[in-house]
Amino acid sequence: RHYITDGKLPAPVLNEWLETNYLRACGTGYEYGKKAVSFLNYLDEIGVEYNAATNRHVKAFLQKMIYGDMTKLTIHEPSQTAAYSTLTSYVAVITSLYKWLDENDDTAMRFGTARRRASRSYFYGQIYSYNYKYLLGVHLPRLSGRHEFIKWYTDSEIEALIASFQTLRDEAVFRVTLEGFRIDEVLSMRLADYDPLERSIQPTRSKGRETAVTGQQNPHRLIILPAAACTILDRYIQTERMLAENHSLRISEYLFINLNRGPHQGEPLRYNNYYRVFKACAARAGLNPGKIRTHSGRSTNVMRMLECGASDAEIMHQTGWRSIESISHYRDDNNPIVAHNTFRKLHPENGGSEND
């Protein structure tokens, strides 16, 4: 795990907060730590201790991210501006930090009402109760546009990607994401949670749910894999994975591990490593690597279920959602297959003809 340092020495209070995020998930702790350190470094640049920061400093930090350093005579390119989602994630991390400091640090602070600006002695309250979203909203038209991704794969794109992977492992990971799993869920899978006879598989962790414990019954959703995916997965386990374990002398409980020889061979496959491999695969397949994301397999799975008329309950099981309202982010409103299926259900008297 990473930790925050001040003058090359660990910062105990800040690391207590960081640890609470690592307990949620390693990825969460790492991302929260990176964003918090960016703000802490900014405070250090302007000579302000983190426990003396006010909402004025947070606003100045966000403005710097939007416009660049206003104290230097430089032209800030709009294309270099952080996206709205990135800025809001920084707000979430900073407010989380100061909320935790208020609740856990040894202070005797009292907080004013939301309508009254707190004095300097209430600095924790200033930061976590202050609404910064208005600042981002005011400048939203100035921010760069949303990054465009391939959200749903066509059959030809899937075939091209599958043909362009250089290892069975990477192809197997891709095929499993096409069954509705998040990439974090795929990389968390254990060898024991894959049943080649039943062709079933489960993740050990899932967003917003408790992590499964080794040796206990896995509480996460069980999904049946297509025969083609199991064929690739079985070949990977019997060849690439076995060779990596034998050479590294590491016996891993994780299904997907590092294959390359070196100090990390046999360790669990990490997201950054797979993402780099995936983008290179996309380039070989003739797709734009800049428009590739690991989440598109999940989106494609949702649309295919909608095309075949799956029920809400079936979609929620396949994706692990608690509410069907989550589907709005994955739906392709221009999908003609879904439109025709809906028409046939609403007008059964005209739905028998494929020309309708």
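**Entry 1: Arg175**

I looked up Arg175 and found it buried, with a relative accessible area of 18%. Buried means under 20% relative accessible area, exposed means over 50%, and partly exposed is in between, using a 1.4 Å probe and protein chains only. The model is predicted, so I noted that local features need pLDDT of at least 70, that side-chain atom pairs count only at pLDDT 80 or more, and that totals for chains, interfaces and linings use all residues. Residues are numbered from 1 along each chain as its sequence is written, and side-chain values use heavy atoms, with hydrogens and water left out.

Arg175 sits in helix H8. Helices (H or I, at least four residues) and strands (E, at least two) are DSSP runs, numbered from the N terminus. Which residues is Arg175 in contact with, leaving aside its neighbours within four places in sequence? I listed Ile162, Ala228, Ala229 and Ile232. Contact means heavy atoms within 4.5 Å.

**Entry 2: H7 and H8**

Next I checked helix H7 (residues 155–164) against helix H8 (residues 168–177): their axes come within 9 Å and cross at roughly 155 degrees. Axes are lines fitted to C-alpha atoms, for helices over the stretch in contact, and angles run from 0 to 180 degrees between N-to-C directions. H7 and H8 are therefore roughly antiparallel to each other. The cut-offs I used are under 35 degrees for roughly parallel, over 145 for roughly antiparallel, 65 to 115 for roughly perpendicular, and oblique for the rest.

On the H7 side I noted Ile158, Leu161 and Ile162, which meet Glu171, Phe174 and Arg175 in H8. By class, this contact of H7 with H8 has four nonpolar, no polar and two charged residues. Ala, Val, Leu, Ile, Met, Phe, Trp, Tyr, Cys and Pro count as nonpolar, Asp, Glu, Lys and Arg as charged, and the others, Gly among them, as polar.

**Entry 3: Phe165**

Leaving aside neighbours within four places in sequence, Phe165 is in contact with Asp170, Glu171, Phe174, Tyr274, Phe278, Cys281 and Arg284. I also looked at Ala285, which is 120 residues from Phe165 in sequence and 8.8 Å from it in space, C-alpha to C-alpha.

**Entry 4: H8 and H11**

H8 and H11 pack at an angle of about 95 degrees, with their axes 11 Å apart. That makes H8 roughly perpendicular to H11. I noted Asp170, Val173 and Phe174 of H8 in the contact, with Tyr274, Val277 and Phe278 of H11. By class, the contact of H8 with H11 has five nonpolar, no polar and one charged residues.

**Entry 5: nonpolar cores**

The largest nonpolar core has 40 residues, and those with the most contacts inside it are Tyr153, Leu161, Phe174, Leu233 and Phe256. A nonpolar core is a set of buried Ala, Val, Leu, Ile, Met, Phe, Trp, Tyr and Cys residues joined through side-chain atoms within 4.5 Å. H7, H8, helix H9 (183–188), helix H10 (227–248) and helix H11 (271–284) each supply at least two residues of this core. Which helix gives the most to this core? It is H10, with seven residues. Apart from this core lies another, of 30 residues, among them Tyr42, Phe61, Leu62 and Val91.

I then looked up Phe256, not counting residues up to four places away in sequence: it touches Arg169, Ala172, Val173, Val186, Leu233, Tyr236, Pro268 and Leu269.

**Entry 6: H2**

Helix H2 (residues 26–45) has 20 residues and reaches 28 Å from its first C-alpha to its last, close to the 28 Å expected at 1.5 Å a residue. The expected span is 1.5 Å times one less than the number of residues. Among the buried residues in H2 I noted Gly29, Tyr32, Phe39 and Tyr42. Just after H2, Gly47 takes a positive phi of about 75 degrees.

**Entry 7: two loops**

Lys8 is not a glycine, yet has a positive phi of about 70 degrees. I found Lys8 in the loop between strand S1 (5–6) and strand S2 (9–10), and at 80% relative accessibility it counts as exposed. Arg199 is not a glycine either, and has a positive phi of about 60 degrees. Arg199 lies in the loop between strand S3 (194–195) and strand S4 (200–201), and is partly exposed, with a relative accessible area of 33%.
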